[in-house]
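Okay, thanks for coming, everyone. Let me put the model up and then walk you through it.

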Amino acid sequence: MTAAGRPQRDGLSIGAVLAQLRADFPDVTISKIRFLESEGLVQPGRTPSGYRQFAPADVERLRFVLSAQRDHYLPLKVIKEQLDAADGGAGGPEVTGTRLPRKLVSLSSRTGDGLPAAEDFAPGREVRLTQEELLAETGIDAPTLAELEQYGLLRPGAAGFYDPDAVLVARTVKAMTEFGIEPRHLRAFRASADREVGLLEQIVTPVYRHRDADAKARADEMVRELAALSVTLHTLLVKAGIRGVTGG
């Protein structure tokens, strides 16, 4: 029996699921899980009294959704399409037991393009790095780091530490420098990102100000969705521009 006197023989309560996910996803909340359910990403069973009961396969689906959002910035619509295909729609493989199909699990595999994989320094992890640790992890030198900070591409926290996102940024810039691109050439990326942040703030701030219990979860989800869509749009526009230049 649970603390509230409810049996758990046929599945996990939403609180138990939260406890399982928190180790890998410290920002997840009960409101977030409820939101994902309302969007059709997971469909737990219900007791006769109406309490949610999550099967192990439901927990794995939630892990996949949260990883796809955090590590790959995928919009929920895309994630849901992948899960629907995996469930057997459109000829996709089914989700059997507690394991997701190989083509979905491979999202967390090494990218093979010289950039860090999701498991290396996943955004959102509680990790703080000194300047020396950042240089060692990324392979850049101190003058390059100074340039990245000068042009606003990297910003240490108030205490002088760097987070895992800084590692990803530095490694990405290092890969770009191998093509002859210098940090000073990337100021436009910083300016573009700042403009996007300003736009997103205008959209989500009114939602954050709502007083209902799920307002923060909705606003957080809006930020993730809009960020993922902006990344997709940026990529498509760059590809289209390159095709115009090359005549492809």
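**Surface, fold and a few contacts**

So, the protein exposes about 14,900 Å², and carbon and sulfur atoms supply 55% of that (Shrake-Rupley areas, 1.4 Å probe). Bear in mind that this is a predicted model: local features need pLDDT of at least 70, side-chain atom pairs count only at pLDDT 80 or more, and totals for chains, interfaces and linings use all residues. Residues are numbered from 1 along each chain as its sequence is written, and side-chain values use heavy atoms, with hydrogens and water left out.

How much is buried? Of the 248 residues, 33% count as buried, meaning under 20% relative accessible area with a 1.4 Å probe, protein chains only.

On to the fold. We have 10 helices and 2 strands, taken as DSSP runs: H or I of at least four residues for helices, E of at least two for strands. From the N terminus the order is α-α-β-β-α-α-α-α-α-α-α-α.

Now look at H1, residues 14–22, and H2, residues 30–38: they pack at about 110°, axes 10 Å apart. The axes are lines fitted to C-alpha atoms over the stretch in contact, and angles run from 0 to 180 degrees between N-to-C directions. That makes H1 roughly perpendicular to H2, a label for 65 to 115 degrees. H1 brings Ile14, Val17, Leu18 and Leu21, while H2 brings Ile30, Ile33 and Arg34; contact means heavy atoms within 4.5 Å.

One last thing: Arg128 lies over the face of Phe161, 4.1 Å from the ring centre. The rule there is CZ of Arg within 6 Å of the ring centre and within 35 degrees of the ring normal.

Notes:
Buried < 20%, exposed > 50% of the residue type's maximum accessible area, 1.4 Å probe, protein only. Parallel < 35°, antiparallel > 145°, perpendicular 65-115°, else oblique.
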